[in-house]
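Reader: Hi! Could you walk me through this one, starting with the pocket?

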Protein chains: 2
Amino acid sequence: MEEKEISRAVIKRLPRYYRYLGELLDNGVERISSNELSDRMQVTASQIRQDLNNFGGFGQQGYGYNVKYLYNEIGKILGLDKTYNVIIVGAGNLGQALANYVKFEKRGFRVIGMFDVNENLVGKRVRGIEIKMLDDLKPFLEENEIHIATLTLPKQAAEEVAVRLVEGGVKAIWNFAHTDLNLPEDVIVENVHLSESLMQLSYNITRHQQGKNGK
Amino acid sequence: MEEKEISRAVIKRLPRYYRYLGELLDNGVERISSNELSDRMQVTASQIRQDLNNFGGFGQQGYGYNVKYLYNEIGKILGLDKTYNVIIVGAGNLGQALANYVKFEKRGFRVIGMFDVNENLVGKRVRGIEIKMLDDLKPFLEENEIHIATLTLPKQAAEEVAVRLVEGGVKAIWNFAHTDLNLPEDVIVENVHLSESLMQLSYNITRHQQGKNGK
């Protein structure tokens with residue numbers, strides 16, 4: 001495939017295409033037209049054609065898209081043809097929920113370490129992964145190549161731990177702490193700010209009610 | 001405050017302003033200039049002035065913004081001056097993590113019920129909230145006004161449960177299931193698709209590596 005810059009808006013939509021195509025594959029669907037995909041995804045067919053044209057002529061007139069080919073190509077663009085070693089720092093409920101999420105592993109994200117400061121958790125295993133103390137992080141990073149560190153710990157501790165991770169060679173952080181991390185530019189950070197999502201919800205509820213009250 | 005339409009892009013940024021202003025308040029800061037806020041938030045001062053002008057002249061020349069006033073006004077816009085009754089459907093690790101998140105309650109989101117299909121969880125309490133069986137959902141919805149239902153269950157079950165929630169009068173859903181819910185238009189849905197977030201991360205890792213390899 002030719003290397004070219006794909007707009008950020010398209011990239012944002014790719015995981016959703018990937019999800020739908022995966023479901024089609026699971027259901028044994030081999031090809032699909034942009035119109036059918038449009039019905040399922042509630043995106044216009046023209047938007048779909050435009051988005052998928054970015055990857056160079058996957059669709060064929062009168063045939064539609066080859067589901068498996070498209071799925072694999074989008075997977076490659078998203079980096080899902082590789083395996084990532086993941087650690088989870090913060091082994092509370094949220095950290096354990098992520099460790100237990102089998103689908104991540106299927107997609108190539110392998111959790112190989114969990115860390116916490118809570119001594120009661122030491123030695124506990126989640127899906128076979130032993131929870132270690134945060135003091136063991138440094139030697140662990142020296143012995144293992146870690147592609148992604150997940151931060152599921154309180155915001156007060158997040159920045160300091162993130163700095164230690166980066167010093168240990170980690171280049172990508174999936175951040176669930178409710179704070180913006182200030183890290184070197186070459187470190188990739190993907191934030192999941194749950195409280196901001198909840199505020200969007202309460203905003204929409206409020207707007208909706210105002211609409212109904214004719215305000 | 002005058003009612004006027006605020007762009008979606010601005011709304012998306014409000015929770016982040018709210019978070020920063022809350023931190024300033026916690027630290028006893030009473031007023032702040034757009035330049036100082038700009039340094040902290042790594043957003044340009046002009047963007048900040050433009051965003052906050054939407055709410056009508058909160059800033060004063062030579063004085064800056066009154067932190068508490070701005071915090072409260074943004075809170076009102078986001079609907080955080082109200083209290084929301086929340087239930088969590090799916091009481092696994094993720095559901096329990098959300099129930100345990102004290103800060104949500106401080107912001108007015110009160111979890112008053114948890115439901116699951118796993119009989120082993122029945123009667124277990126999370127922060128005092130008893131986990132009930134999904135069969136108890138209908139009577140619970142008849143007896144309680146629920147403003148937000150959180151879906152933390154497998155995608156196979158999500159749509160069916162969502163329909164039952166809507167039939168029971170729920171108008172807003174915070175959806176963590178990896179599926180798009182097809183619900184009546186007047187139901188507000190806020191999705192948190194964790195696997196899509198993880199794919200954004202792997203995409204960025206891949207792009208970054210290609211950049212380094214000169215590809």
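**Pocket and interface**

Author: Happy to! The lining of the largest pocket is made up of 19 nonpolar, 14 polar and 15 charged residues. Here Ala, Val, Leu, Ile, Met, Phe, Trp, Tyr, Cys and Pro count as nonpolar, Asp, Glu, Lys and Arg as charged, and the others, Gly among them, as polar. This is a predicted model, where local features need pLDDT of at least 70 and side-chain atom pairs pLDDT 80 or more, while totals for chains, interfaces and linings use all residues. Residues are numbered from 1 along each chain, chains are lettered from A in the order written, and side-chain values use heavy atoms, without hydrogens and water.

Reader: How much space lies in the largest pocket?

Author: About 2,100 Å³, as the space filled by probe spheres set on the grid points, joined across faces, edges and corners. A pocket is an open set of points on a 1 Å grid where a 1.4 Å probe fits, with protein on both sides within 12 Å along at least five of seven lines; lining residues have an atom within 4 Å of a point.

Reader: Which residues are closest to its centre?

Author: Of the 48 lining residues, those are A:Lys12, A:Glu190, A:Asn191, B:Lys12 and B:Asn191.

Reader: Okay, new topic. How many residues of each chain are in contact?

Author: 62 of chain B with 62 of chain A, counting heavy atoms within 4.5 Å.

Reader: And how many salt bridges cross that interface?

Author: Eight, between chain B and chain A. A salt bridge is a side-chain nitrogen of Lys or Arg within 4 Å of a carboxyl oxygen of Asp or Glu. One of them joins A:Arg19 and B:Asp180, 3.3 Å from N to O. A:Arg19 sits in helix α1 of chain A, and B:Asp180 in the loop between β9 and β10 of chain B.

Reader: Which elements of chain B supply at least two residues to the side touching chain A?

Author: α1, α5, α6, β9, β10 and α9, where helices (H or I, at least four residues) and strands (E, at least two) are DSSP runs numbered from the N terminus. α9(B) gives the most, with 17 residues. That side of chain B has 27 nonpolar, 19 polar and 16 charged residues.
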